[in-house]
Amino acid sequence: MTPARAGARLALEGLGRQYDGRWVLENLDLDVEAGSFVSFLGPSGAGKSTLLRIIAGLEKPSAGTVGLQGEGPQPPMVRMMFQEDRMLPWRSVEDNVLLGVKGRRDEARALLEAVGLGDRGGAWPAELSGGQKQRVALARALLHHPELLLLDEPFGALDAITRIAMQQLLERLWLEQPRTVLLVTHDVEEALVLSDRVLVLADGAVGRDLRIDLPRGERRGHPRLVAWKEELLQGLLAPHSSAPADV
Ligand SMILES: Nc1ncnc2c1ncn2[C@@H]1O[C@H](COP(=O)(O)OP(=O)(O)OP(=O)(O)O)[C@@H](O)[C@H]1O
């Protein structure tokens with residue numbers, strides 16, 4: 001039984017974004033419950049990153065609104081994590097976690113411990129593996145106690161084993177601390193294993209909205225998960241054959 005969770009509630013209404021007269025997102029309506037873990041799949045160019053950037057406030061929509069309701073009256077804290085680590089190479093790992101933050105060194109150390117890098121705080125970014133750098137990026141995002149965590153292909157550059165380890169880490173941290181998570185991924189299994197809900201973006205809107213009600217921990221290899229994966233892959237492959245320019 002999943003406990004009642006906090007985190008930000010998200011409401012998108014009539015959201016649209018156009019570039020050079022072409023609508024990448026169009027009239028998109030979406031409600032995301034506080035504390036839920038939602039993944040976005042979709043063919044390349046479907047607008048997944050654009051959507052996350054708009055929700056993060058890094059980009060303005062051409063139409064519609066983004067409604068964010070946090071736990072208190074103030075706007076919720078939102079943090080975004082990207083595929084590349086975006087660390088400053090001349091600062092230590094610990095100082096990278098503390099980027100833009102005064103003090104709170106003990107908290108940064110505790111977070112590095114939580115992501116399995118308790119002994120690497122004094123290292124330079126160049127001394128870390130790709131997976132370790134993404135752990136640092138996760139610690140840096142979590143230091144801000146985001147009520148909404150936006151993850152844009154955070155494990156896309158990692159090998160398959162490291163990727164599964166990172167998925168497990170992310171899930172553990174999410175179960176320990178309530179927050180809303182939106183994950184953009186190309187990995188259908190990653191989406192199905194981690195999410196309460198999987199959304200497929202296609203033609204500027206939500207084409208598929210799947211609730212994953214299988215118990216966490218029993219998902220990998222579960223027949224229903226395998227069937228969903230097959231179905232989603234078929235759907236994702238279909239548009240590619242008719243629109244090779246978007247692949
Ligand atoms: N700043 C921009 N100027 C012009 N076009 C843009 C800009 N940003 C994104 N686009 C276009 O918008 C569409 C959606 O891009 P976006 O990066 O959001 O897709 P995506 O679903 O995240 O793709 P991918 O899975 O390949 O990362 C693409 O056709 C892209 O070329």
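Two strands pair if DSSP finds at least two bridges between them. Helices (H or I, at least four residues) and strands (E, at least two) are DSSP runs, numbered from the N terminus. Keep both ideas at hand, and let's start the tour.

This is a predicted model, in which local features need pLDDT of at least 70, side-chain atom pairs count only at pLDDT 80 or more, and totals for chains, interfaces and linings use all residues. Residues are numbered from 1 along each chain as its sequence is written.

**Stop 1: strand S7**

Select residues 180-184, which are strand S7. Are they buried or exposed? Here 5 of the 5 residues are buried (20 or more other C-beta atoms lie within 10 Å of the residue's own; 12 or fewer would be exposed, in between partly exposed, with C-beta atoms placed from the backbone). Color Thr180, Leu182 and Val184, which point one way from S7. Then color Val181 and Leu183, which point the other way.

**Stop 2: the strands beside S7**

Look for Leu150 opposite Leu182, and for Leu148 opposite Thr180. Ser39 has Leu183 of S7 as its bridge partner.

Next, show helix H5, residues 160-176, which makes a right-handed β-α-β unit with S6 and S7. Right-handed is meant like this: with the strands pointing away from you, the path from the first strand over the helix to the second runs clockwise.

**Stop 3: the whole sheet**

In what order do the 6 strands of the open sheet lie? The order is S5-S6-S7-S3-S8-S9, and the pairing is mixed. At the edges, S5 (78-81) and S9 (205-211) each pair on one side only. Neighbouring strands of this sheet are turned by 20° against each other on average, direction ignored (axes are lines fitted to C-alpha atoms, for helices over the stretch in contact, and angles run from 0 to 180 degrees between N-to-C directions).

Zoom in on S8, residues 197-202, which pairs with S9 in the antiparallel sense over 6 bridges. Leu199 has Asp209 in S9 as its bridge partner. The hairpin of S8 and S9 has 2 residues between the strands, and Asp203 takes a positive phi near 50° there.

**Stop 4**

Pick Glu153, in the loop between S6 and H5. Glu153 is not a glycine, yet its phi is positive, near 50°. Why does Glu153 count as partly exposed? Because it has 19 C-beta neighbours inside 10 Å.

Then jump to Arg104, in the loop between helix H2 (93-97) and helix H3 (105-114). Arg104 has a positive phi of about 60°, although it is not a glycine either. With 14 C-beta neighbours inside 10 Å, Arg104 counts as partly exposed.

**Stop 5: around the ligand**

Finally, select the ligand and its shell, which includes Tyr19, Val24, Lys48, Ser49 and Thr50 (a residue is near a molecule or strand if its C-beta atom, placed from the backbone, lies within 6 Å of it). Which helix gives the largest share of the shell? Helix H1, residues 48-56, gives that share with 3 residues.
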